[in-house]
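Subject: Structure handover and findings

Hello,

The structure I promised is below. My notes on what was found in it follow.

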Amino acid sequence: MNNKLNVLAIDDFSMSLLLIKNSLKDLVNVYTVKSATAAMLTLDNVDKISLFLLDLDMPDVSGFEFLDFLSKNPMYEKAPVIIISSNNKIKTIKKVLEYSVVDFVAKPFEAETLREKVSKALGLPYERIEIEENLI
């Protein structure tokens, strides 16, 4: 078993999950799920998640509902969350700041921007690296 921290990415768009996983695979262990409901189930089956990467606009259970779930879970109520969403309206950003959200990444995003923000959120050293253009 490696010593990398665990990150859970939640997004209903498969291509975003693939880009996230490929961008971060050498930095952290990345678990990906396509719904907030699946994320809730995943929490029972993996070691402690150190960071959540969360899309807001998903069918079934929204990102905001998942944030509510986290805030009521003693193990994760203070867990850092980075929002990755195309919904970058001021009203939305103000609302997410009521939770343990530490950063916001607007879609579409650059892999290197995501690496930098994840490193910062987890307190990991950050060194800019050359990332292949074709990550998916």
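A salt bridge, as the term is used here, is a side-chain nitrogen of Lys or Arg within 4 Å of a carboxyl oxygen of Asp or Glu. By that definition, a search of the whole structure finds four salt bridges. Please keep in mind that this is a predicted model.

Salt bridges

Side chains of opposite charge can pair when their charged atoms come close. One of the pairs here is D11 with K107, whose side chains meet at 2.6 Å, N to O. This pair links distant parts of the chain, since D11 is in the loop between β1 and α1, K107 is in the loop between β5 and α5, and the two are 96 residues apart. D11 is buried, at a relative accessible area of 1%, whereas K107 counts as partly exposed, at 22%.

K107 also meets the side chain of D55 in a salt bridge, at 3.6 Å, N to O. D55 lies in the loop between β3 and α3 and K107 in the loop between β5 and α5, so this bridge ties together parts that are 52 residues apart in sequence. D55 is buried, with a relative accessible area of 5%.

Another bridge joins D103 and K117, with the closest N and O atoms 3.0 Å apart. Here strand β5 holds D103 and helix α5 holds K117, 14 residues apart. K117 counts as partly exposed, with 23% relative accessibility. As for shared partners, D11, D55 and K107 are joined into one network by their salt bridges.

Nonpolar cores

The largest nonpolar core has 25 residues, of which I10, F52, L67 and I83 touch the most other members. At least two residues of this core come from each of β1, α2 (36-42), β3, α3 (63-71), β4 and β5 (101-106). The largest share, four residues, is supplied by α3. Beyond its neighbours within four places in sequence, L67 is in contact with L54, V81, I83, V96, Y99 and V101. Another core lies apart from this one; it has 18 residues, including I20, L27, V105 and F109.

Helix α1

Which residues of α1 are buried? They are S16, L17, L19, I20, S23 and L24. These residues cover an arc of only 165° around the axis, which means that they are on the same side of α1. An α-helix has 3.6 residues a turn, so residues three or four places apart point the same way. The cover over the buried residues of α1 includes β1, β2 (29-33), β3 (51-54), β4 (81-85) and α5 (111-122).

Surface patch

F13, M15 and L18 make a nonpolar surface patch of about 280 Å². F13 is placed in the loop between β1 (6-10) and α1 (14-24). With a relative accessible area of 49%, F13 is partly exposed.

Regards

Technical notes. Residues are numbered from 1 along each chain as its sequence is written. This is a predicted model: local features need pLDDT of at least 70, side-chain atom pairs count only at pLDDT 80 or more; totals for chains, interfaces and linings use all residues. Side-chain values use heavy atoms; hydrogens and water are left out. Patches are made of residues with over 30% relative accessible area and no salt bridge: like charges are joined within 9 Å, nonpolar side chains (Val, Leu, Ile, Met, Phe, Trp, Tyr) within 5 Å. Accessible areas come from the Shrake-Rupley method with a 1.4 Å probe; for residues, only the protein chains shown count as cover. Buried means under 20% relative accessible area, exposed over 50%, partly exposed in between (1.4 Å probe, protein chains only). The arc is that of the directions from the helix axis to the C-beta atoms. Contact means heavy atoms within 4.5 Å. A nonpolar core is a set of buried Ala, Val, Leu, Ile, Met, Phe, Trp, Tyr and Cys residues joined through side-chain atoms within 4.5 Å.
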